[in-house]
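The sequence and the structure are shown first.

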Amino acid sequence: MTDTSGSLGLIKTAGPSGLPILMDTFVRLTKSPVVSIAKIRGRVRGVGSEFVLACDMRFASRENAVLAQVEVGAGVHPGGGGTERLPLLLGRGRALEIILGANDFDGETAERYGYVNRALPDAELDGFVDVLARRIASFDRRPIAAAKNLINQVSLPPFDRLLDALNSFTTALTWPEAQQRFQALFNRGLGQPGEMENRFGELLATLVNT
């Protein structure tokens, strides 16, 4: 049986808000009066994707960004907000394509779908985000916080739905088929540099053959 104690620890340990620490971190980031901007140059899958979804804005390298919610392909489902935040951003059909398809999305497609705000040429990414961040920082804090709070009220999933998804994810970790798929992933090199990490979305569809 695959050891999932690390994931369970994040679920069971409470953060300052009283929510499990993983969800607490994402919720506090989203509700903070400070503006959070994710700059994506590389791979953000699973909980990494859920982290950037909790940020206020996301900008990706057109050449080097990869985004995915791969949990269904691993035998479980997203538990850190992916199933709640993606439909609000992208619509139901595209959220289902990302979550049920469990495949990698490049920066350009992610931009077209609304997964990220923009995908920019890699050489322009740092400069663009820096200019935007400095522009926002030049404005007064109070209207920024008030505007963000008003947008949050009409655009964020409620706490109870997030908690339901996390509890369901905890149960999913114990499913025998999930244990089998996790073991197959570790046998193929999950978490190690190499083909499995580079082609994760593509190779998920071959796990049943291992």
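## The largest cavity

About 40 Å³ of space lies in the largest cavity of this predicted model. Across the whole structure, the search returns one cavity of 30 Å³ or more.

Its lining is formed by V27, T30, K31, R85, L156, P157, F159 and L162. Two elements, helix 2 (21-31) and helix 9 (159-172), each give two or more residues to this lining. Helix 2 gives the most, with three residues. Sorted by class, the lining of the largest cavity holds five nonpolar residues, one polar residue and two charged residues.

## Helix 2 against helix 9

The angle between helix 2 and helix 9 is about 150°, and their axes lie 11 Å apart. Helix 2 is therefore roughly antiparallel to helix 9, since angles over 145 degrees fall in that class. The crossing of this pair is right-handed.

On the side of helix 2, the contact is made by L22, M23, V27 and K31, and on the side of helix 9 by F159, L162 and L166. The contact of helix 2 with helix 9 comprises six nonpolar residues, no polar residue and one charged residue. Among the residues of this contact are V27, K31, F159 and L162, and these four also belong to the lining of the largest cavity.

## Helix 4 against helix 9

Helix 9 packs on helix 4 as well, at an angle of about 130° and with the axes 9 Å apart. This angle makes helix 4 oblique to helix 9.

T83, E84 and R85 of helix 4 meet R161, L162 and A165 of helix 9 in this contact. By class, the contact of helix 4 with helix 9 has two nonpolar residues, one polar residue and three charged residues. R85 and L162 take part in this contact, and both also line the largest cavity.

## Helix 3 against helix 4

Helix 4 has a further partner in helix 3: the two pack at an angle of about 50°, with their axes 10 Å apart. Helix 3 and helix 4 are therefore oblique to each other. Their crossing is left-handed.

Helix 3 contributes E50, L53 and A54 to the contact, while helix 4 contributes G82, R85, L86 and L89. Divided by class, the contact of helix 3 with helix 4 has four nonpolar residues, one polar residue and two charged residues. R85 is part of this contact, of the contact between helix 4 and helix 9, and of the lining of the largest cavity.

## The second largest pocket

The second largest pocket has a volume of about 400 Å³. Twenty residues form its lining, and of these C55, D56, I151, N152 and S155 lie nearest the centre of the pocket.

Which elements each supply at least two residues of this lining? They are helix 3 (47-54), strand 3 (57-61), helix 4 (82-90) and helix 8 (141-155). Helix 8 gives the most to the lining of the second largest pocket, with six residues. Helix 3 and helix 4, both on the list of contributing elements, are also the pair that packs at about 50°.

The lining of the second largest pocket divides into 13 nonpolar residues, three polar residues and four charged residues.

How values were computed
Residues numbered from 1 in each chain as written. Predicted model: local features only at pLDDT ≥ 70, side-chain atom pairs only at ≥ 80, totals over all residues. Heavy atoms only, no water. 1 Å grid on protein atoms, 1.4 Å probe; cavity = no way out; pocket = protein on both sides within 12 Å on 5 of 7 lines; lining within 4 Å. Points joined across faces, edges and corners; volume = space filled by probe spheres on them. Helix = DSSP H or I, 4+ residues; strand = E, 2+ residues; numbered from the N terminus. Nonpolar A, V, L, I, M, F, W, Y, C, P; charged D, E, K, R; others polar. Axes fitted to C-alpha atoms, helices over the stretch in contact; angles between N-to-C directions. Parallel < 35°, antiparallel > 145°, perpendicular 65-115°, else oblique. Left-handed = near helix turned anticlockwise from the far one by under 90°. Contact = heavy atoms within 4.5 Å.
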